[in-house]
Amino acid sequence: MEDKNSQLIPIEKNLEAEANMAEHIACFRMAGSSQINNFRSPDAYVFIFFKDGEGWHSIDFVKYQECNLQIHISYPGQIHSWNSASCTNGYKLIVSRYFVEKYMYEIGFINSKINKYPVVDIIQDSYKRLIADLTSIEEDLSKPEVQWDLLILRTRLIITTIDHLMKEALRGKKNNMYNPILHRYGRLIDEYFACEKSVAFYANKLAITPNYLNMICRQFNGLNSKALIDQRMLLEAKRLLLGTSLSIKEIGYKLGFGDIAHFSSFMRLKTGFNPKRFRETAIEGDSSLG
């Protein structure tokens, strides 16, 4: 039997090209080892299809194993690190936020900006069907005259298939842990966290009392309602510190802190580091920062 890696030719990654794709859809083959720390995802949804996977992939500071027959999904602006082994191969599909929100607004998983289940295991037959469409997209994009109507249909088909696969995978995980009020609260936090830190503001938007909101958060999430706001703030602070060149003062202002001292106190309380040291330590490769 032929070794599955005997014909595997490493493909050089071009993250700059991926982050600045000219059109709304891009498709790349992946093969070979790769290691990156703190890469900020472009303003796009990224779908990674692993035929063979070995290593790990960190999405917003949560580490996931790379395995055979998996799809890894990332949202615009997330921070990624990965260490993929030489046997890794598959496809990467990048679809702009504009495309997804224009053509795929009904898809369930895009309604949450923080994807809590970014890895989907699939069976061989599903992978083969997806790869057939990905290969067609790759061929379509290489033609001098791209048939965009056909390309859009193929892309929509792939994303719809992924959505169905995710729903199947999550059917058993959610059980009784899903609550519509908590879901709406999360979406409101995504929208207002930088300018509104008060639980009362969100409770008013939800037409419930702060105490009731706090009870729901504790029951379904294990955290109080203020902790969920702080959690989202911390995530964005990490994204901006490690994924942009903005100054600490600019980041603090962007997150709604009145001064650097307040921002520094928040980061020290949540991570044990002030913003400057957090950024420096991450660059030095400290894996304890997740």
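In which sense do strand 1 and strand 8 pair, and over how many bridges? Some notes on that and on a few aromatic rings follow.

1. First, the ground rules. This is a predicted model, where local features need pLDDT of at least 70, side-chain atom pairs count only at pLDDT 80 or more, and totals for chains, interfaces and linings use all residues. Residues are numbered from 1 along each chain as its sequence is written, and side-chain values use heavy atoms, leaving out hydrogens and water.

2. Now the pairing: strand 1 and strand 8 (residues 89–96) run antiparallel over seven bridges. Strands here are DSSP E runs of at least two residues, helices are H or I runs of at least four, and both are numbered from the N terminus; two strands pair if DSSP finds at least two bridges between them. Arg29 stands opposite Tyr91 in strand 8.

3. Zooming out, the open sheet has five strands in the order 1-8-3-6-9, with antiparallel pairing. Strand 1 (25–31) and strand 9 (119–121) are its edges, each pairing on one side only.

4. On to the rings: a search of the whole structure turns up eight aromatic pairs (Phe, Tyr or six-membered Trp rings with centres within 6.5 Å; planes under 30 degrees apart are stacked, over 60 edge-to-face, the rest tilted). Phe99 and Tyr103 have ring centres 4.8 Å apart and planes at 45 degrees, so this pair is tilted. They sit four residues apart in helix 2 (residues 97–103), about one helical turn.

5. Elsewhere, Tyr192 and Phe201 make an edge-to-face pair, with centres 5.2 Å apart and planes at 75 degrees. Ring pairs link Tyr185, Tyr192, Phe201 and Tyr202 into a cluster.
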